[in-house]
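Dear colleague,

I am handing over the structure we spoke of, and below it you will find an account of what was found. Please read the notes with the structure open beside you.

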Number of protein chains: 2
Amino acid sequence: MKKCKIPEATINRLSIYSRFLELEELNGVVTVSSNEIAKKIGITPAQVRRDLAYFGEFGTRGVGYNVKDLKENIMRILGLHKRWNIALIGAGNLGRALINYKGFSERGFDIVAVFDNNPNKIGKIIRDKKILDIKRDLEKTVKEFNINLAIVAVTAINAQEVVDDLVKAGIKGIINFAPISISVPSDVIIRRVDLASQLEVLTFNIQNKNLYSK
Amino acid sequence: MKKCKIPEATINRLSIYSRFLELEELNGVVTVSSNEIAKKIGITPAQVRRDLAYFGEFGTRGVGYNVKDLKENIMRILGLHKRWNIALIGAGNLGRALINYKGFSERGFDIVAVFDNNPNKIGKIIRDKKILDIKRDLEKTVKEFNINLAIVAVTAINAQEVVDDLVKAGIKGIINFAPISISVPSDVIIRRVDLASQLEVLTFNIQNKNLYSK
């Protein structure tokens with residue numbers, strides 16, 4: 001693998017490719033071409049080849065890609081050839097929804113510990129997990145379960161303090177659902193999930209359909 | 001506006017530009033260059049100019065963009081110069097989290113009605129909204145409140161039936177949180193929010209940092 005900056009759009013597409021290949025494999029398909037992948041996903045075949053070329057030579061010219069091999073390679077590139085232990089911070093409605101979210105465990109992500117700072121919640125059980133005290137239990141739990149990733153589902157007001165605690169405990173990757181920008185040191189990756197931006201793609205399309213049809 | 005296919009990545013970036021411009025405006029900044037926008041967002045200035053060029057001529061060569069004008073133009077392009085009424089389907093943990101999500105109303109999205117099919121939930125109140133019966137109340141409520149968009153926060157098993165009901169009621173844009181692919185007619189846009197793919201960008205980065213550092 002060359003040491004070069006991979007565009008985030010490429011990484012996002014790797015996720016999409018791997019899901020498509022998973023389905024193809026389930027359907028018994030043995031080889032696919034970049035054209036077939038591209039058509040299914042709505043991009044150009046050249047883009048598919050460019051994305052994969054960052055990571056080596058996978059296909060055979062004129063034959064295409066072996067579905068199982070390519071899927072396994074992409075899973076390895078994404079780090080999904082193993083399972084990841086996740087800490088969830090925040091046992092409110094969103095936290096409860098995320099604990100029950102089937103899509104995580106399917107992709108190898110296990111929420112192994114849940115934390116909150118609310119004394120009324122600490123010690124209660126959700127989905128067979130006891131809610132732990134973020135101030136008292138975070139560091140030792142992160143070590144005990146070898147946790148690298150955390151999901152922050154707390155209010156905007158609490159988010160920076162929670163993230164500071166996570167960084168101190170050794171967490172290297174964070175998904176932030178709080179509607180606020182958070183600072184982290186350069187060796188930690190944080191991504192904000194902005195649910196409104198999903199709606200904006202819809203309004204753009206509806207808005208422009210109306211413009212076009214006039 | 002030309003009738004041409006706008007890449008989805010461009011639409012996503014418009015959202016990001018508009019948030020950046022909003023902050024700049026709050027900070028009293030009057031003009032920005034494509035370089036400044038690009039640097040803040042981590043893309044090339046050429047990409048910024050290309051994204052905006054789909055929609056017309058906005059900046060002045062050598063001067064840059066007027067922050068307020070560009071923000072307002074982008075908001076209009078995204079359809080965010082007005083507010084949108086949203087139907088939420090599913091009053092479980094995720095539904096409850098979404099009703100309380102501050103990020104929607106800030107961007108002009110109002111959840112005006114909540115539906116479920118569970119008799120134990122129908123009639124109960126969450127956040128000053130009575131939970132309505134999807135089978136009995138959907139069509140008339142969509143008309144009454146002029147609802148164009150819906151958020152589906154139900155289980156995978158129920159998702160296709162719910163979406164069929166939404167389409168029948170006249171909904172044109174749908175965000176689907178259920179971990180399953182859903183079919184819709186060609187005049188309806190549906191987007192699946194896959195929360196696991198957010199984690200995969202983290203694991204990719206952690207995985208490759210480890211590889212690089214060896």
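In chain A of this predicted model, seven strands make up an open sheet with mixed pairing, and their order across the sheet is β5-β6-β4-β3-β7-β8-β9. The strands at its edges are β5 (125–126) and β9 (189–192) of chain A, each of which pairs on one side only. Within this sheet, strand β3 (residues 84–89) of chain A is paired with strand β7 (residues 149–152) of chain A in the parallel sense, through 4 bridges, and L88(A) is found opposite I151(A) of β7(A). Across β3, β4 (109–116) and β6 (129–133) of chain A lies helix α7 (residues 134–144) of chain A, which runs at about 110° to β6(A).

Chain B also has an open, mixed sheet of 7 strands, in the order β5-β6-β4-β3-β7-β8-β9. There, β5 (125–126) and β9 (189–192) of chain B each have a single partner strand, so one side of each is left without a neighbour in the sheet. Strand β3 (residues 84–89) of chain B runs parallel to strand β4 (residues 109–116) of chain B, to which 6 bridges join it, and I86(B) has I111(B) in β4(B) as its bridge partner.

As for the division of the chain, chain A falls into domain 1 (8–77) and domain 2 (84–194), and the C-alpha centres of these two domains of chain A are 32 Å apart.

Another part of chain A to look at is the pair formed by helix α1 (residues 8–26) and helix α4 (residues 67–77), whose axes come within 9 Å of each other and cross at roughly 145°, the crossing being left-handed. Among the residues of α1(A) that take part in the contact are L14(A), Y17(A) and L21(A), while those of α4(A) include L70(A), I74(A) and M75(A). Sorted by class, the contact between α1(A) and α4(A) has 8 nonpolar, 1 polar and 5 charged residues.

How values were computed:
Residues are numbered from 1 along each chain as its sequence is written. Chains are lettered from A and ligands numbered from 1 in the order in which they are written. This is a predicted model: local features need pLDDT of at least 70, side-chain atom pairs count only at pLDDT 80 or more; totals for chains, interfaces and linings use all residues. Side-chain values use heavy atoms; hydrogens and water are left out. Domain bounds come from an automatic or database domain assignment. Axes are lines fitted to C-alpha atoms, for helices over the stretch in contact, and angles run from 0 to 180 degrees between N-to-C directions. Helices (H or I, at least four residues) and strands (E, at least two) are DSSP runs, numbered from the N terminus. A crossing is left-handed if the near helix is turned anticlockwise from the far one by less than a right angle, and right-handed if clockwise. Contact means heavy atoms within 4.5 Å. Ala, Val, Leu, Ile, Met, Phe, Trp, Tyr, Cys and Pro count as nonpolar, Asp, Glu, Lys and Arg as charged, and the others, Gly among them, as polar. Two strands pair if DSSP finds at least two bridges between them.
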